[in-house]
Amino acid sequence: MTEAAETSEAGTPEAGGAQGAADSTAGRTVFLVAHTGRPAAIRSAELVVQGLLKSGLGVRVLADEAVDLPLAPGVELVAEATPEALEGCELLIVLGGDGTLLRGAEFARGSGVPMLGVNLGRVGFLAEAERDDLDKVVDRVVTRAYEVEERMTLDVLVRTNGDVVHRDWALNEAAVQKVSPERMLEVVLEIDGRPVSGFGCDGIVCATPTGSTAYAFSAGGPVVWPEVEALLMVPISAHALFAKPLVTSPDSVLAVEVQTGTPHGVLWCDGRRTLELPSGARVEVRRGTVPVRLARLHHASFTDRLVAKFALPVSGWRGAPH
C-alpha cells in the first residue's frame, strides 16, 4: 500500500522561485540515523545534513551519534531513540547496512514516521538508495518527491505454563533457535490452533514477506513479493521428512512449542532483541497491528530490485514478444 507524499505548490518553479522554495521547507524537520562506526557513513551523514540545511530543512540527530559526526551548527540533538524523539519530523533517514536499517525501523515504527534507507552495506533490501545517490536523496526529500509504503510486521507473544511472559514485534522475522550447538531443539509447529509437525532442528523462522529475503531466505525459504500479504514458517536444518517452508494466510496464527525435556532455546526478533526460551515455552506469531512505513523514491519493480541486489544472471532474456 502506497501513498504519495504531499507536494507544496509553493515549491514549484512557477510559484515564486527562491521565496517559494524557502516557504516549502519552512518548519520542516528530518531525523537522521547513521552507523557512525563506518567512515563512509560519517561522510555520507555530513553530506546529507549539509544538503538538507542548505535547503532550509531542520535536522535532528541522536546526541551519542552526534559526537562522531562533523555536524554544522543548528542541528538539533535528542538524548534517546524513542518514538517521542521523532515528534514533528516528516521523515527518518537511515544511513547504514541492514542492521542499522532495522534499528531505524525499530525507532520509527512507534511514531508512524516513514523511514528512508540509504544502503552503505552489502545487500540492503530495506534501503531505497545507495551511497552514490545522496544528492538525489536530498533533492527528493526537499521536494517531497517520494511515496510512502506500509510494510507488514509481526506481533510476537511468548507463553510459559500458559502465562504470557513476553511481547515483542518484528519487521523481518521472529526466529526460535537452539542454544546448544551439540543438541537439536525439539519443537512442534502449529498453525491456526492445529498441530502440523514435530521434529528436531536448529530452529524455526517465522517471517513476513519483507523478511523473506533475509534470514528466511538463508534458511531455504521462498522469496515473497512485498505486496503479497502472507506469513512464512521456515525450518532450519530440520531432521524430518516433512520440514518444508510453509506460507500461510496473513490472518493465521503461527506457533512454535519448545518440547519439554529438550535444551532451552532462544527467541530472536529481527536479530536485535533476544529472549531465552525454557523447555515448554510457546511462541505465538501473528500479523502485527502496527506496520512500518517506508519512503520510496523509485517505481522499479521488486523483480528488478531482486535481480540487482543478488546480481542474478539475466543475460539472454528477450522479453515477451510484441
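Author: By class, four nonpolar, two polar and three charged residues make up the lining of the largest cavity. (Ala, Val, Leu, Ile, Met, Phe, Trp, Tyr, Cys and Pro count as nonpolar, Asp, Glu, Lys and Arg as charged, and the others, Gly among them, as polar.) The model is a predicted one, in which local features need pLDDT of at least 70 and side-chain atom pairs pLDDT 80 or more, while totals for chains, interfaces and linings use all residues. Residues are numbered from 1 along each chain as its sequence is written, and side-chain values use heavy atoms, without hydrogens and water.

The residues that line the largest cavity are Phe125, Leu126, Arg151, Thr210, Thr213, Pro226, Arg296, Phe302 and Arg305. The volume of this cavity is about 50 Å³. (On a 1 Å grid over the protein atoms alone, a cavity is a set of points where a 1.4 Å probe fits but cannot get out; a pocket is an open set with protein on both sides within 12 Å along at least five of seven lines; lining residues have an atom within 4 Å of a point. A volume is the space filled by probe spheres set on the points.)

Arg296, one of the residues lining the largest cavity, also takes part in a salt bridge: the side chains of arginine 296 and glutamate 149 meet at 3.9 Å, N to O. (A salt bridge is a side-chain nitrogen of Lys or Arg within 4 Å of a carboxyl oxygen of Asp or Glu.) Arginine 296 belongs to strand E21 (residues 292-296) and glutamate 149 to strand E8, so the pair ties together parts that are 147 residues apart in sequence. (Strands, E, of at least two residues, and helices, H or I, of at least four, are DSSP runs numbered from the N terminus.) Arginine 296 and glutamate 149 are both buried. (Buried means under 20% relative accessible area, exposed over 50%, and partly exposed in between, with a 1.4 Å probe and protein chains only.)

Besides lining the largest cavity, Thr213 is among the residues nearest the centre of the largest pocket, together with Asp98, Val123, Gly124 and Ala214. This pocket holds about 390 Å³ of space, and 20 residues line it. By class, its lining comprises eight nonpolar, eight polar and four charged residues. Helix H4 (98-109) and helix H6 (215-218) each contribute at least two residues to that lining; H6 gives the largest share, three residues.

The count of cavities of 30 Å³ or more comes to two. The second largest cavity has a volume of about 30 Å³. Around it stand Leu189, Val196, Ser197, Phe199, Pro235, Phe242, Ala243, Lys244 and Leu246 as lining residues. Seven of these are nonpolar, one is polar and one is charged. Strand E13 (residues 194-201) provides the largest share of this lining, three residues.

The salt bridge of arginine 296 and glutamate 149 has counterparts elsewhere, for the whole structure contains 21 salt bridges. Side chains of opposite charge can pair when their charged atoms come close.

Most residues other than glycine have a negative phi. Alanine 311 likewise has a positive phi, near 50°. Alanine 311 lies in the segment after H7 and counts as exposed, at 64% relative accessibility.

A further set of charged residues is joined in a network of salt bridges, namely Arg159, Glu190, Glu257, Arg282, Glu284 and Arg286. Within it, the side chains of glutamate 284 and arginine 286 meet at 3.8 Å, N to O. Glutamate 284 counts as buried because its relative accessibility is 7%, whereas arginine 286, with a relative accessible area of 30%, is partly exposed.
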